[in-house]
Amino acid sequence: MAVDPLIELRDVNKHYGALHVLQDINLTVGRGEVVVIIGPSGSGKSTLCRTINRLETIESGTILLDGKPLPDEGKELAALRADVGMVFQAFNLFAHKTVLDNVSLAQVKVRKRKKDEADERARELLDRVGLADQAPKYPAQLSGGQQQRVAIARALAMNPKALLFDEPTSALDPEMINEVLEVMRQLAADGMTMVVVTHEMGFARSAANRVVFMADGRIVEDRTPEEFFTAPESERARDFLSKIL
Ligand code: ADP
Ligand code: MG
């Protein structure tokens with residue numbers, strides 16, 4: 001497959017004080033691609049995700065979205081955060097807003113849609129994630145799996161170019177993990193460009209185009225799931241897989 005790059009990181013480096021948290025990161029995510037990032041705790045997966053929508057700055061290197069460097073500030077930065085949506089482990093919904101408003105408010109603020117237009121799109125998306133009947137409720141009235149599906153609908157409402165997921169199912173009870181992964185599988189099948197940090201190896205095998213294995217701030221392997229899971233090249237990856245599979 002010829003890759004049409006949507007996200008490109010070139011020679012990206014970042015420190016937290018003495019800790020070299022991202023070391024010479026080179027990563028290209030093609031349009032429509034699903035890249036799963038795995039690796040031990042503390043290897044820099046979250047930091048990598050956060051640099052892509054500029055929740056973190058970098059010290060050297062370049063990050064391009066659609067061929068353009070990430071903006072530093074202002075309206076362009078707000079637009080970037082909408083273009084590259086992020087779904088976190090903690091659902092981060094507005095507790096005092098209804099489910100419907102959680103999905104529609106940023107559309108009005110950032111995308112400048114009229115409220116009724118935004119509400120209509122919110123209802124469509126809630127339907128798509130299987131929550132049409134939850135629109136008038138408040139987040140605390142929903143299960144964790146439902147709240148995470150609202151968070152996904154909220155990110156989708158901005159018509160993002162790409163979505164970043166940072167351990168989206170790690171805070172969920174086991175019986176709710178699949179309903180979230182199912183929504184993510186559907187998005188992948190619909191052609192959404194996705195970067196997904198997860199320990200769900202079943203998802204990585206079935207939905208990823210590539211698996212990126214990180215350790216100590218570096219990308220150690222970047223291969224297809226078949227290659228990675230059947231014959232990991234590095235000792236680090238073999239060791240990691242032996243602990244989680
Ligand atoms: P992962 O998501 O793979 O577990 P992180 O990207 O969260 O890894 O963290 C990588 C390393 O950077 C860890 O050692 C972590 O303690 C450290 N770290 C993360 N965020 C900060 C921060 N804001 N300040 C200082 N150190 C941080
Ligand atoms: Mg993390």
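Trainee: What should I know before I start reading?

Mentor: This is a predicted model: local features need pLDDT of at least 70, side-chain atom pairs count only at pLDDT 80 or more, and totals for chains, interfaces and linings use all residues. Residues are numbered from 1 along each chain as its sequence is written, chains are lettered from A and ligands numbered from 1 in the order in which they are written, and side-chain values use heavy atoms, with hydrogens and water left out.

Trainee: What is the strand order of the open sheet of four strands?

Mentor: General idea first. Strands (E, at least two residues) and helices (H or I, at least four) are DSSP runs, numbered from the N terminus. Two strands pair if DSSP finds at least two bridges between them. Here the order is S2-S1-S4-S5, with antiparallel pairing.

Trainee: Why is one side of S2 and of S5 left without a neighbour in the sheet?

Mentor: Strand S2 (19–30) and S5 stand at the edges, and each has a single partner strand, so one side of each has no neighbour in the sheet.

Trainee: How many bridges join S1 to S2?

Mentor: Eight, and the two strands run antiparallel. Find Tyr16: it stands opposite Leu19 in S2. The hairpin of S1 and S2 has two residues between the strands, and Gly17 takes a positive phi near 60° there. On to the next pairing: strand S1 (residues 5–16) and strand S4 (residues 60–65) are joined by five bridges and run antiparallel. Glu8 has Leu64 as its bridge partner in S4.

Trainee: Which residue takes a positive phi in the hairpin of S9 and S10?

Mentor: Asp216, near 50°, in a hairpin with two residues between the strands. Five bridges join strand S9 (residues 210–215) to strand S10 (residues 218–223), again in an antiparallel run. Met214 pairs with Ile219 in S10.

Trainee: Which residues are around ligand 1?

Mentor: A residue is near a molecule if one of its heavy atoms lies within 4 Å of it. Around ligand 1 you find Tyr16, Leu19, Val21, Pro40, Ser41, Gly42, Ser43, Gly44, Lys45, Ser46 and Thr47. Now sort them by class. Ala, Val, Leu, Ile, Met, Phe, Trp, Tyr, Cys and Pro count as nonpolar, Asp, Glu, Lys and Arg as charged, and the others, Gly among them, as polar. The shell has four nonpolar, six polar and one charged. H1 gives the largest share, three residues.

Trainee: Where are oxygen atoms of ligand 1 relative to Gly42, Ser43 and Ser46?

Mentor: Look for polar contacts (pairs of N or O atoms within 3.5 Å). A backbone N or O atom of Gly42 lies 2.7 Å from a ligand oxygen atom. For a backbone N or O atom of Ser43, the distance is 3.2 Å. Ser46 uses a polar side-chain atom, 2.9 Å from an oxygen atom of ligand 1. Taken alone, ligand 1 exposes 560 Å², and the protein buries 57% of that. Such areas come from the Shrake-Rupley method with a 1.4 Å probe.

Trainee: What is the volume of the largest pocket?

Mentor: On a 1 Å grid over the protein atoms alone, a pocket is an open set of points where a 1.4 Å probe fits, with protein on both sides within 12 Å along at least five of seven lines; lining residues have an atom within 4 Å of a point. A volume is the space filled by probe spheres set on the points, which are joined across faces, edges and corners. The largest pocket has about 580 Å³. Of its 20 lining residues, Arg81, Phe94, Ala106, Arg154 and Met158 are the closest to its centre. The lining has 14 nonpolar, three polar and three charged residues.

Trainee: Which element gives the largest share of the lining of the second largest pocket?

Mentor: H2, with four residues. This pocket holds about 150 Å³ of space.

Methods. Polar contact = N/O pair within 3.5 Å; in protein donor to acceptor, adjacent residues only side chain to side chain.
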